[in-house]
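Have the sequence and the 3D view open as you read.

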Amino acid sequence: MMQFLTSSFQSLATQTGPTFWLPEAVSNFAPTVDGDFYFVYWVSIFFLVLITALLILFMWKYSAPEGQKATSQNDHNLVLEIAWTGIPVILSLMMFWYGYKGYVAMATPPANAMVITAEAAKWSWNFSYPASGTVVSGASEDFNEIRNALRSGELTAEQAAEREAKVLEKAGLHVPVNTPVQVNVLAADVLHSLFIPAFRVKKDCVPGRIGQLWFEATEPGVYSLYCSEYCGQGHSAMHSKVVVHPSQEDFDKWLAVAASYDETLPFTELGEIVWKRKGCVSCHSLDGAMKTGPTWKGLFGSERKYTENGTLGSAIADESYIEESIRYPMKKISDGYTGQMPVVKLTDKEILWVTEFIKSLRQ
Amino acid sequence: MKPDDKASAGSDLSSQEVEQTSQETKISGPSYLTVTNTLTSWMFTLDHKRIGLMYLVGVLSMFLLGGVFALLVRTELFSPIPLITPLFAGDDAGAQADLYNQWFTTHGAIMVFLVIIPGVPAALGNFVLPLLLGAKDVAFPRLNLGSFYLWMCGAAFFVYVLFSGGVDTGWTFYTPYSTSSPTAVIPAVVGVFILGFSSIFTGLNFIVTIHKMRPKGMTWFNMPLFLWATYSTAVIQVLATPVLGITLLLLILERTLGIGIFDPQNGGDPVLYQHFFWFYSHPAVYIMIIPAMGVISEIIAVHSHKRIFGYRYIAYSSVAIAIFSFIVWGHHMFTSGQSTMMNIIFSGITFSVGIPSAIKVFNWIATMYKGSINLNTSMLYGISFIFLFTIGGLTGLFLGVLSIDTHLHDTYFVVAHFHYVMMGSALIAFVGGLHHWWPKMTGRMFNEFWGRIACTLVFIGFNLTFIPQFVMGSLGMPRRYYSYEDKFQIYHQLSTIGSYVMAVGFFLTAFYLIQSLVSGKKAPMNPWGGNSLEWHTPSPPPLENFHGVPSATDPYELDQFDYDPVTGNYSSQSSKGLA
């Protein structure tokens with residue numbers, strides 16, 4: 001009977017598009033989770049309807065003006081007590097069992113899974129593909145910009161979609177369809193949580209620990225990815241996209257492009273790409289606004305006051321100062337900041353480009 | 001609707017201004033409200049009724065404050081783009097988001113620590129508990145006053161936090177965000193720490209009072225169920241709250257000295273903080289809901305004029321919930337990275353808490369069967385509670401199921417679920433209990449017509465606020481979001497409208513309750529026909545609670561009374577406990 005129930009509730013959830021209650025169902029776990037959801041849902045609906053019907057019936061049938069006596073003072077019935085203890089016990093055990101089975105599958109990634117690392121930081125994502133050593137950004141900033149431009153009418157829906165597609169060429173969490181993917185989750189600063197509603201997976205990113213989740217995407221497309229553990233100011237802006245490629249070849253092609261820089265571009269433009277791709281964008285503004293880190297506007301060539309090992313110092317922000325700040329971010333902490341910058345591993349070229357980019361922001 | 005017609009016919013009678021002529025009140029002398037009248041007589045009072053009343057004023061003021069923040073949050077979320085935060089925070093997008101984060105944190109912290117936890121036990125419980133026992137006061141009146149001043153002190157810290165830049169960690173103070181947030185975390189945490197002691201002392205007081213001060217003839221199994229509930233709650237308060245205190249102290253030390261227990265930068269573990277925090281804060285959920293269940297047991301029985309169904313099952317289920325509440329904390333952490341084995345164990349135990357809750361609901365409904373139900377304001381709140389608590393409980397099942405919780409964790413589904421339990425249940429029961437005991441506390445009747453209208457508004461508004469949150473949550477809307485995807489906007493808008501409807505209901509309630517103090521009809525001794533001891537003394541009671549020493553009644557022997565439509569009083573020849 002359990003088997004029958006499981007399959008009949010799962011069949012309620014075979015649809016892949018969003019339903020009234022649940023988002024698109026496009027991973028190997030979605031049918032199980034949705035089946036469990038609808039099992040609990042219909043049990044709940046049954047009891048809610050039963051209880052509500054009884055409440056309304058009794059309110060209607062037994063309501064009486066002040067002073068009227070109740071027609072019964074019966075206060076116990078052992079059979080009823082056993083029934084309404086026993087039935088919930090049985091139903092609860094079934095729910096626990098389904099949840100347990102579904103969860104154990106989720107907690108056990110297959111050995112042949114492709115491994116991607118997702119690193120969360122205030123307030124950006126970086127996804128790295130160990131097989132090729134490529135790090136791509138979650139591009140939260142770009143998605144927010146596009147969203148805002150769409151809302152203010154600067155972009156039409158098509159233009160926005162186009163720009164999103166353009167961003168996704170070099171950003172986002174990309175996976176091939178029908179391939180087990182294990183995502184190791186890390187956090188650089190505070191708690192975050194990787195949440196992909198369409199896959200029904202979620203895992204907290206805990207600093208100092210490596211968490212993991214896995215899934216097998218079943219439908220090519222683009223899906224939302226959120227941070228679901230509160231992490232401060234940019235929490236709700238810390239979203240990105242998951243792209244499910246229709247084939248392994250397609251995915252490989254994307255990865256090759258994402259890993260490359262178009263080195264024909266001027267250094268300053270390449271530097272701007274690094275600024276976005278490596279997540280500098282979330283803490284360093286270009287317009288003078290004070291964020292978690294100093295703005296890059298007018299930074300180059302300016303005199304920097306800092307604390308090093310508890311003593312104050314100052315220096316002119318030249319090439320070597322910038323390189324040092326990138327490689328050893330906690331060495332010299334700029335005055336007025338708390339020193340929250342993680343070590344972002346940049347290649348020599350990337351450091352060069354970023355430095356040129358910062359130079360270009362001189363006033 | 002038929003039942004309403006019947007009920008309002010009853011209220012027409014009671015709305016006539018009738019002088020109270022019953023024998024009892026003539027001989028009663030001054031009440032606890034009028035016996036002395038100086039400021040110091042209130043400030044240094046050892047009378048549990050005055051202390052309860054002062055708590056009530058404090059809790060309701062904080063409810064207003066927390067409610068204002070809820071409305072700010074809901075208003076902001078009407079649109080995914082900044083709506084009202086720019087009015088307060090200027091043009092800087094970061095400052096706007098920070099402000100929003102402070103709003104929801106302040107709302108949560110005030111409602112949990114200053115309103116719901118002390119609401120039923122400290123405000124209503126203080127007033128009612130000794131009366132239910134036929135006692136003159138609680139066991140330790142001075143400690144009781146001390147608890148109140150600790151509460152005031154904790155509240156003062158919160159007010160200070162509001163004026164010193166707020167706090168933005170969420171009410172859970174999760175590390176390492178709380179150890180690195182530049183906001184006023186330490187004052188807020190100190191406030192909660194102090195409130196914890198207020199709660200511990202109240203719990204201790206109630207345990208001793210119930211053990212030592214029951215009147216002659218009152219065994220454990222003919223105590224009113226409210227006392228079982230308060231007792232179970234007090235046990236949790238005394239055993240669990242110290243853990244919160246230690247946790248918060250460690251958090252302060254982590255922030256100030258960097259001791260390295262919770263902050264991974266110093267070798268600490270943020271998940272350990274979550275274990276410590278929820279080891280208290282899960283039982284705290286039951287500190288909030290068990291006394292509410294106790295109130296509902298009284299309301300449903302008295303206003304149905306029928307013996308409570310399954311007394312022992314309700315009593316034992318309170319104790320069972322109190323015990324189970326200590327061993328389910330891990331279900332707040334299913335996605336935190338705690339081990340798979342731990343998740344499975346906690347999921348299994350979590351379902352055990354559902355069973356006693358279900359037992360209570362069915363017994364309350366069975367109590368209504370063949371009763372004589374007055375659909376007055378208190379009863380409407382009681383029935384609202386059963387409905388809302390059912391939804392709160394059933395949606396908890398989704399979250400207990402490991403596979404589903406992985407999807408729903410930290411979404412609006414969770415937000416809606418705990419609001420159904422914390423607000424739809426605990427707070428609604430508090431408001432219901434406030435109406436139930438209002439005549440006893442103040443000596444005045446409130447306007448039943450407006451009471452019912454307000455209750456209906458609150459009920460509709462509440463559901464409109466939180467049902468859309470279930471839907472958007474299961475669709476994937478994460479909680480604590482300042483901005484969101486456009487596809488969620490319709491749910492947010494419905495929710496915001498619902499919160500306004502609810503606000504109207506609560507303002508209306510405040511209005512007619514204050515009006516009743518000024519010009520309400522004088523309350524008779526026993527306006528609802530209850531038989532627990534508080535209904536056997538004048539409304540409001542004299543300073544010493546009873547003229548003479550009352551002896552125990554059977555609190556659920558409710559069919560012995562005759563209603564006098566002139567005085568609005570239920571009286572009985574055989575009723576015991578009178579001087």
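Helix α4 of chain A covers residues 140–151, 12 residues in total, and runs 16 Å from its first C-alpha to its last, close to the 16 Å expected at 1.5 Å a residue. That expected span is 1.5 Å times one less than the number of residues, and helices (H or I, at least four residues) and strands (E, at least two) are DSSP runs, numbered from the N terminus. Keep in mind that this is a predicted model, where local features need pLDDT of at least 70 and side-chain atom pairs need 80 or more, while totals for chains, interfaces and linings use all residues. Residues are numbered from 1 along each chain as its sequence is written, with chains lettered from A and ligands numbered from 1 in the order in which they are written.

Which residues of α4(A) are buried? They are Ser140(A), Glu141(A), Asp142(A), Phe143(A), Ile146(A) and Arg147(A). Buried here is 20 or more other C-beta atoms within 10 Å of the residue's own, exposed is 12 or fewer, and partly exposed is in between, with C-beta atoms placed from the backbone. Their cover includes these elements of chain A:

| Element | Residues |
|---|---|
| β2(A) | 124–129 |
| α5(A) | 157–168 |
| β10(A) | 240–245 |
| α7(A) | 267–277 |

Just past the helix, Gly153(A) has a positive phi of about 85 degrees.

Over in chain B, helix α16 (residues 412–442) has 31 residues, yet its end C-alpha atoms are only 40 Å apart, short of the 45 Å a straight helix would reach. There's a kink of about 45 degrees at His436(B), shortly before Pro439(B); the bend is the angle between axes fitted to the seven residues ending there and the seven starting there. Because 30 of its 31 residues are buried, α16(B) is largely enclosed by the rest of the structure. Just after α16(B), Gly443(B) takes a positive phi of about 75 degrees.

Back to chain A as a whole: it has 9 helices and 13 strands, and buried residues make up 42% of its 363 residues. Its C-alpha atoms fill a box of roughly 90 × 55 × 45 Å along the principal axes.

How do the chains meet? 79 residues of chain A are in contact with 85 residues of chain B, contact being C-beta atoms, placed from the backbone, within 7 Å. The largest share of chain A's side, 17 residues, comes from α3(A).

Terms used: Two residues are in contact if their C-beta atoms, placed from the backbone, lie within 7 Å.
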